[in-house]
Amino acid sequence: MKKLNKLVSVAVASAMVMAMMTGCGSDGNKSSGGTSDGNNGAATFKIGGIGPTTGGAALYGTNVQNAAQIAIDEINAAGGVNGYMLELNFQDDEHDAEKSVNAYNVLKDWGAQMIVGAVTSSPCIAVSEKTKEDNMFQITPSGSAVECVQYDNCFRICFSDPNQGEASAKYISENNLAEKVAIIYDSSDVYSSGIMESFVSGAASYNLNVVATEAFTADSKTDFSVQLQKAKDAGADMVFLPIYYQESSLILTQANAMGYAPTFFSCDGMDGILGVDNFDTKLAEGVMLLTPFAADAQDDLTVKFVSQYKERHNDTPNQFAADAYDAIYVIKAAIEKSGVTPDMSVSDICDKMKAAMLEINVEGLTTVGTGAGMSWNADGEVNKEPKAVKIVDGAYAGMD
Amino acid sequence: MSFLTYLINGISLGSVYALIALGYTMVYGIAKMLNFAHGDVIMIGAFTTYTICSTMGLPPIVGVLVAVVVCTVLGMAIEKIAYKPLRKASSSLAVLITAIGISYLLQNIALIIFGANSKSFTSIVSMEPIRLADGQINITGETVVTILSCIVIMIGLMLFINKTKAGQAMLAVSEDKGAAQLMGINVNGTIALTFAIGSALAAIAGVLLCSAYPSLTPYTGSMPGIKAFVAAVFGGIGSIPGAFIGGILLGIIEIFGKAYISSQMADAIVFGVLIVVLLVKPTGLLGKNIQEKV
């Protein structure tokens, strides 16, 4: 068993070295030197990253990896954090809980002092069990399930699934987007019903009028004509869709066929609607979704980040990239606030940083334009202003 | 007015169930086996049409014809490779489990070839919707075409079974395989023909299902397949008109349940009605009529 573990870690480590070399030339040498022995008291903070860079969710993981590297390179070029450099070692978990734990073990052998990740929810929960045991500081850019931050050493950049509901209600109300709102949600899905419940309670406190709440289940998600008809009959001028884009594409098609044209508002599950093969993007025109990042926003920070990302990877970054970029700057802020140094033990670093997390306020890509930064409570949940984008001419556009 | 809208939506959904149920009931009636892979053959048919029409840009009629051919060949191949060797197996459970296995196999093959991302199916029906009562009631072209196809296929199947030699052979096989063989009927050939027809119907059902509800994934066929199976049992499995009536009624009950009782409870209502019908009439609505059974 031990032999096998070693074999696996050697294989993974060599794969990692290759990835580093192809990914970002000069950094490859540095990290390959650090694979064998642990924390040797060097003047660098070793940050471990975990996320899917292959498989079905590869898009998420590669965005996080690339954006985190950009942030780290920026910080190092500007002189590091309190004079210490940052170093990233990113491991693939293929969006698999078991593989994410393997990745964590590899990173621990490498000498990681804190973890950025995991990118997706179920691996993130699995990794948090391990970081809890080791008392290692963990911050996930995008793990949105409630349990991702159930331990006090874990924090997140994105909203939790249910918090998106309240944030949506707040956003709709503050921007006067609708008079009467109908909800269509998937009652057989914990993500969807979680958002629905917090939206309904949020709607009460933000004086939104919810006129219809209609459900469907995984077993009956082809026909939405009744739900739409009921929303229409109730006079809803907005339909809130806390669901994934596959069903949303059907709802948009069917609403169009019946001549019902309310404003559609959705959460991050809608992200991807424009990528459905052969989908007529005209149907999604005017759809709004709660997402922390619009790549075409015109503020300096976003423009700088997007152009750098495009230059390095010839691709447009998504919200996962923005979350990861912010995660690295949050780590920077927490290190500065707590005054930890790389020669401290993992557990000491964690204790100091988690105390610092409750005091810092960081502005980043995901808060740009909201006029406020991010802060955290002891539950590890972020407190920040919600942001939304609108689909215009088949692309995301900022709302303001 | 909304009652009429719901009724039309129900018929529209039900006609899709009915079309799928026809294939189910056909195979069950003759081969006496539940082909749980039927829903996935539907999905393969839809993907074939999608590839021909949306990816290669050929006209819809070519897509439908190719899908029918592909599904027919696929259905016969499945029958030959997976079901035929088990026909003499001591328990009919073996074939049932194999059918479930085939269902997963097809889903995963589609997953590898086409990926998990959903695709938006371009409708093959270019008919304008019929608008009644100042546009308050909308009957889409897809609904009209699906119902017409259903009726044509139903009548065609009944004529085929009752008027042709091959159809009579099917009836004989369904009554008693052993006796049919003694009378010189090629039982294996007849069952293969049944699968060929059932799978060709699946191709048409797949195309019309995705035209009406244009989201295509490797799992698109499985749930409508199960609903259609329920419809077939509801109408009396093995009965061709039963499948049609069962499908339409199931669609209407589902939509009315959602509209007038609760959208959360829709599935519970549908299956509740099924249980009540089976308690009162265990053979389904038209199940008793053995002469109609194919």
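**View 1. The five-stranded sheet of chain A.** In this predicted model, five strands of chain A form an open sheet in the order E2-E1-E3-E4-E5, with parallel pairing. Strands are DSSP runs of E with at least two residues, helices are runs of H or I with at least four, and both are numbered from the N terminus. Two strands pair if DSSP finds at least two bridges between them. Strand E2 (85-92) and strand E5 (154-156) of chain A stand at the edges with a single partner strand each, so one side of each has no neighbour in the sheet. On average, neighbouring strands of this sheet are turned by 25° against each other, direction ignored. Axes are lines fitted to C-alpha atoms, for helices over the stretch in contact, and angles between N-to-C directions run from 0 to 180 degrees.

The model is a predicted one, in which local features need pLDDT of at least 70 and side-chain atom pairs count only at pLDDT 80 or more, while totals for chains, interfaces and linings use all residues. Residues are numbered from 1 along each chain as its sequence is written, and chains are lettered from A and ligands numbered from 1 in the order in which they are written.

**View 2. Strands E3 and E4 of chain A, with two helices on the sheet.** Strand E3 (residues 114-116) and strand E4 (residues 137-140) of chain A pair in the parallel sense over three bridges. Val116(A) has Ile139(A) in E4(A) as its bridge partner. Helix H11 (residues 319-338) of chain A packs on the sheet and touches E1, E3 and E4 of chain A, its direction making about 155° with that of E3(A). Contact between two residues requires their C-beta atoms, placed from the backbone, to lie within 7 Å. Helix H3 (residues 58-77) of chain A lies across strand E1 (44-51), E2 and E3 of chain A and runs at about 170° to E2(A).

**View 3. Helix H10 of chain A and its buried face.** Helix H10 (residues 300-313) of chain A has 14 residues and reaches 20 Å from its first C-alpha to its last, close to the 20 Å expected at 1.5 Å a residue; the expected span is 1.5 Å times one less than the number of residues. Its buried residues are Thr302(A), Phe305(A), Val306(A) and Tyr309(A). They fall within an arc of 95° seen down the axis of H10(A), so they line one face of the helix; the arc is that of the directions from the helix axis to the C-beta atoms. A residue is buried if 20 or more other C-beta atoms lie within 10 Å of its own, exposed if 12 or fewer, and partly exposed in between, with C-beta atoms placed from the backbone. The buried residues of H10(A) pack against H3 and H11 of chain A. Asp300(A), Ser307(A) and Glu311(A) are exposed residues on the face of H10(A) turned away from its buried side. Just after H10(A), Asn314(A) takes a positive phi of about 55°.

**View 4. The hairpin of E13 and E14 in chain A.** Strand E13 (residues 388-392) and strand E14 (residues 395-398) of chain A run antiparallel and are joined by four bridges. Val392(A) stands opposite Ala395(A) in E14(A). Two residues lie between the strands of this hairpin, and Asp393(A) in the turn has a positive phi of about 50°.
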